[in-house]
Amino acid sequence: MASQIEKRSADRLVIHNLARHDGGGETSMSGSFAADVRAGLTAQPKQLFPKYFYDEVGSRLFDVICLLPEYYLTRAESEILTTHADDIVSKVCAAGETIVLVEMGSGSAQKTRLLIEALLRQQGELLYTPVDISASALEGSARLLLNHYSALQVIAYAGDYERALASMRASKSAHGRKLVLFLGSNIGNFDDDEARRFLRSLRSTLDAGDALLVGADLKKDAATLEAAYDDELGVTAAFNLNVLMRINRELGANFDLRQFAHVAVYNEIAGRVEIYIESKAIQSVQIEKLNVEIHFALGERIHTENSYKYDVRQLATLAGSAGFALGDAWFDRAERFSSNLFVAA
């Protein structure tokens, strides 16, 4: 079982690092990475999990992606939260109730500040519980928030969602009605079955009346969607290919990134943007720490991510299947993106 290693800063910051063993040595997260890389690259078709994008370099690249003109999702969601943060907070609880803010996949927490500020206006102080796969990104963003908001306390979980939810279920330290954030269209990384399993697991940590704010990208034309995941400057390509660099660095592989290309395609029938890394040549790659050699055909692809797109009907069905009711929904002016309040039934 992963240990919980706490780091404290003036008693306002606690980070539970769920990726470490008590006895030291290789971390459990590193062990999972190695096992998943072996399984994914020896499978047919080849695949890698998108959670491994977010090492320190990947997290920084994603922050840049969010600023790109093609990547409308961040601007659209920021517009919604800027306009409606107070309304969102008011829908979760009546005046006088205390809200605990939880965020799955917090990243840099830039958009989260809008809801933090709305909650601080309502209740004066706030407990914020972010969850992120990247411990370094998590600690950096938490310290920035604490420096900016003197009435904020942070209890964070560094690890994947499954570990974090299990740890949160075991801990009853947070009191108050919960508002859980799942922003940035992260729900789109799951297929239907995975999304239901994740939401049901999350629902098991909540009480009736607690709420989940889900950011979901809406269905639209293929050209707009594909440009959002394949920008002209190539930042998204660098983000995708960085997972190969991570395998090189952490597992002793010899991927030549010049021999691989980033591919983004909208599958209209499935309602998703599919992300791949494509081999430009017939080639073999050695992964020293796994003692394996991976062979690639010309044009062979590694599937790294899906990004599902939704309509309102699908979101209501998804909410109901996981023990939530779809309450209010907010949209940007161009109606490209939605923020949806799932209320625990």
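Trainee: Which element gives the largest share of the lining of the largest cavity?
Mentor: The model is predicted, with local features needing pLDDT of at least 70, side-chain atom pairs counting only at pLDDT 80 or more, and totals for chains, interfaces and linings using all residues. Residues are numbered from 1 along each chain as its sequence is written, and side-chain values use heavy atoms, without hydrogens and water. A cavity is a set of points on a 1 Å grid over the protein atoms alone where a 1.4 Å probe fits but cannot get out, and its lining residues have an atom within 4 Å of a point. Helices (H or I, at least four residues) and strands (E, at least two) are DSSP runs numbered from the N terminus, and the largest share, three residues, comes from α9.

Trainee: Which residues lie nearest the centre of the largest cavity?
Mentor: The lining consists of 17 residues. Those nearest the centre are Tyr54, Phe62, Tyr71, Tyr229 and Glu305.

Trainee: Is Ala297 buried, partly exposed or exposed?
Mentor: Ala297 sits in the loop between β12 (292-296) and β13. Buried means under 20% relative accessible area and exposed over 50%, with partly exposed in between (1.4 Å probe, protein chains only). Because its relative accessibility is 39%, Ala297 counts as partly exposed.

Trainee: What distance separates the C-alpha atoms of Ala297 and Ile282?
Mentor: Ala297 touches Ser279, Ala281 and Ile282, leaving aside residues up to four places away in sequence; contact means heavy atoms within 4.5 Å. Ala297 and Ile282 are 15 residues apart along the chain, and their C-alpha atoms are separated by 4.6 Å.

Terms used
1 Å grid on protein atoms, 1.4 Å probe; cavity = no way out; pocket = protein on both sides within 12 Å on 5 of 7 lines; lining within 4 Å.
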